[in-house]
Every structure is written in C-alpha cells, then in structure tokens.
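Subject: Structure handover

Hello,

The structure is below, with its sequence. My notes on it follow.

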Amino acid sequence: MTQHICKLNQIQKSYPLQDDVQHIFSDLTHELPLDGITVLVGKSGCGKTTLLSNLKKELIPNGLRSGIARYNGIGISQLDDETSACDIGYLFQNPDSQIVTDTVIQEIAFPLENIGVSSEEIRNRISELAAFFGLNDILHKNVNELSGGQKQLVNLCSLLVLRPKVLLLDEPMSQLDPIASYDFLSILRRLNEEFSITILISEHKSDNIFSFVDKVVFMENGRIKYDKNPREVSKTAFEDDVFKHYLPQVAKIHNLLGARHSQLSKMEMPLSIREARRSLNTIHDDLIKISEDGEKNQNPDLAHVDSDNNSHKKSIFSRYKKKPSI
Ligand SMILES: Nc1ncnc2c1ncn2[C@@H]1O[C@H](COP(=O)(O)OP(=O)(O)O)[C@@H](O)[C@H]1O
Ligand SMILES: [Mg+2]
C-alpha cells in the first residue's frame, strides 16, 4: 500500500479582494506519496504555488483558510521550526529570489549556520555535496557569475545541505533552457533514487517531464482534475480539450495512431522517443503501406508503379525500419 508523507485535507483557501473574496480552493484534498516524484501541472493562476506553499509552514499564504495540511501526521503549522526548516525544502520559481549571500560556498553554508550547526559539520556537509554535484570549480565563485542552471543548482544545494525529506519545487525550470532543464530533472531523479527524497514539482508546461516522474497531477481552477501515473494520465487526458496539450508529443502520436491500429492501443503508453520507436515497430508494415498510399494519392503518376520494384519505397519511413532485436 502506498504510504503518504504529506496530506492536504479539505483545504479551502480564499484571498480577500477589495469588495469581494477570491476562492482559490473550495475543497482540495491531495496526498503526496512517500519517496515519489510528483509533478503538479496547470496553467498560470490555477493555484499551484498556493498548493505548494500550504505545505511549508513559513510560507502558508495569508487570507481565509480552513482544512488541514499535515506532514508525517502533524499539522504543518504545528511543526517545530527546526523540523520545518530542515525536513521540508522549498525552491522558488526565480533563482535570484532565494540567493542571500555573495559566494556559492557562503550560500550553501548559510542555512546550516542559521540552525547552529558546528563549523566542522558544515565543512563535511559542503564537501559531500560538492563531491556529489561536482561543484568544486564554482564553490568560491560569486553567485552573480553563475548561469541560471548553476544558480538553481546552488539553491537546491542550500536545501539539500539540511538533508530534507521533502522538496517542494515551484516551477524550478521556468528560467532554464531545455538542456539545463534536462540536467536539473536528471539530478532530481538521482536525489530521489539515492536519498529517497519525496519531490513535488509544479510546472505550467510538462511535455518533457513525464518520463522523470511517478505521478502527474493536472490542476484546473483550484481543483485536481487528474491524478495518475504518467502513462495512465497520457491515455485518459488525451480526451480532455485542455490537458491533451500538456501531454508528451510521443504520447499524443501513440493515441492518434492507436485509434487506427488496435495492436498499438494494447501496448504500454510510450513516454520517450526510444519507447515510441519500439511500439511503432509493431505497426511497421502498416506504416509503410500508409506512406505508399499517401504518396500515390499525392502523385498519381506513381499509382501504376509496381511498389515491390520501386526503390523510393525503401527510403520512405526508413526510420521505422525494424531493427534486429539485440
Ligand atoms: N497573496 C495573494 N493575494 C491575492 N491573490 C493571490 C495571492 N497569491 C495568489 N493569488 C491569486 O490566487 C490564484 C492562484 O495563484 P497561484 O497559486 O500563484 O497560481 P499558479 O502558481 O498556478 O500560477 C491567482 O488567481 C492569483 O492571482
Ligand atoms: Mg506559481
């Protein structure tokens, strides 16, 4: 049975407006599986940051609120300061919002100094992290000299140095390029696998993230609309006018082709190009035929040509050619 580390139970949350009240959540219940990586996806303003900040005592938003958020069975607002600071790490969307000192080493040491850890222990923890992330070359650099990806990594390290059990990451890749985002996600997967850290990431676009996570939560207007593993959600949300746009391209292609090729719809939903190529191989002959028919329709001169002797056939869809099984 899945164990849960954080639970939000019937949260109602509103912000007062000048003459009115804006309801963000009317009855939000959600559980974060222990040791899992969950991505929370939805368009801007749907309530992602508000959900994340309800799980961090120091960031619980002002305004009207009812229901309860718990960490390990204890109300988040009842957690003692040290447990809250160390166990639950929160990364802000803008890498610059979190940085408070000048150099990388000071930045990573700062949270430990704040909770009164000895200098020797600070040195040990920083060298552990520097070795894990290969940070030695930038440890003494000024934070202003770092790229966006390096800044986000330093921010992550300043949370990891406290040995957190849960990481709440608010759109951490919104300012990173695709390569830096891929590296960042790979690091999160490694942290999850090697240190069993439970991770909740919010994102307003999600196409590249599915293969890194265990659970996808789609949110709309403060309500959770889908909450499933990435393969299941790629199947069910394909019928949804809003959320089908958030699915990985390979899953969209699989769903489209699955409507015409029943053997595809019985196969596992692909989340990466490698997986998609494997499932396309199963309908290799059909794809060759579709491509030939398409060619003939577009170019009637080809219609009379004996397809078996036609050299152009070999080049068409050559990328779908069956590879010898290894
Ligand atoms: N401090 C605040 N005061 C008033 N309204 C707020 C505040 N923070 C967020 N909101 C409103 O709450 C809604 C959800 O915001 P947010 O949780 O930041 O969404 P997201 O992170 O998905 O973009 C938005 O309509 C936003 O304008
Ligand atoms: Mg937000």
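In strand β7, L168 is the bridge partner of Y90. Helices here are DSSP runs of H or I with at least four residues, strands are DSSP runs of E with at least two, and both are numbered from the N terminus. Two strands count as paired if DSSP finds at least two bridges between them.

Before the rest, the conventions. This is a predicted model, in which local features need pLDDT of at least 70 and side-chain atom pairs count only at pLDDT 80 or more, while totals for chains, interfaces and linings use all residues. Residues are numbered from 1 along each chain as its sequence is written, and chains are lettered from A and ligands numbered from 1 in the order in which they are written.

β6 and strand β7 (residues 166-170) run parallel and are joined by 4 bridges. They belong to an open sheet of 6 strands with mixed pairing, in the order β6-β7-β8-β3-β9-β10. Its edge strands are β6 (88-91) and β10 (223-228), each of which pairs on one side only. On average, neighbouring strands of this sheet are turned by 15° against each other, direction ignored. (Axes are lines fitted to C-alpha atoms, for helices over the stretch in contact, and angles run from 0 to 180 degrees between N-to-C directions.)

Further along the order, strand β3 (residues 37-41) runs parallel to strand β9 (residues 215-220), with 4 bridges between them. V41 has F218 of β9 as its bridge partner. β9 then pairs with β10 in the antiparallel sense, over 5 bridges, and E220 stands opposite R223 in β10. These two strands form a hairpin with 2 residues between them, and N221 in the turn has a positive phi of about 45°.

The four-stranded sheet

A second open sheet has 4 strands in the order β2-β1-β4-β5, with antiparallel pairing. β2 and β5 (74-75) are at its edges with a single partner strand each, so one side of each has no neighbour in the sheet. Strand β1 (residues 4-16) and β2 pair in the antiparallel sense over 9 bridges, and the two form a hairpin with 4 residues between them. Within this pairing, L8 has H30 of β2 as its bridge partner, and I11 stands opposite L28 in β2.

The shell around ligand 1

Which residues are around ligand 1? They are Y15, Q22, I24, G42, S44, G45, C46, G47, K48, T49, T50 and P61. (A residue is near a molecule or strand if its C-beta atom, placed from the backbone, lies within 6 Å of it.) β2 (21-33) and α1 (48-53) each supply at least two residues of this shell, and the largest share, 3 residues, comes from α1. By class the shell has 4 nonpolar, 7 polar and 1 charged residues. (Ala, Val, Leu, Ile, Met, Phe, Trp, Tyr, Cys and Pro count as nonpolar, Asp, Glu, Lys and Arg as charged, and the others, Gly among them, as polar.)

Helix packing

Two packed helices are described by the angle between their axes and the distance between the axes. Angles under 35 degrees count as roughly parallel, over 145 as roughly antiparallel, 65 to 115 as roughly perpendicular and the rest as oblique. A crossing is left-handed if the near helix is turned anticlockwise from the far one by less than a right angle, and right-handed if clockwise. Residues are in contact if their C-beta atoms, placed from the backbone, lie within 7 Å.

- α4 with α5: the axes of helix α4 (residues 104-114) and helix α5 (residues 119-133) come within 10 Å and cross at roughly 135°, which makes α4 oblique to α5. The contact is made by I105, I108, A109, L112 and E113 of α4 with I122, R125, I126 and L129 of α5. These contact residues divide into 7 nonpolar, no polar and 2 charged.
- α6 with α7: helix α6 (residues 148-160) packs against helix α7 (residues 178-195) at about 20°, with the axes 10 Å apart, and the two are therefore roughly parallel. Their crossing is right-handed.
- α9 with α11: helix α9 (residues 249-258) and helix α11 (residues 273-281) pack at about 20°, with axes 9 Å apart. α9 passes α11 in a left-handed crossing. V250, I253 and H254 in α9 meet I273, A276 and S279 in α11.

Regards

Definitions and conventions
Contact = placed C-beta atoms within 7 Å.
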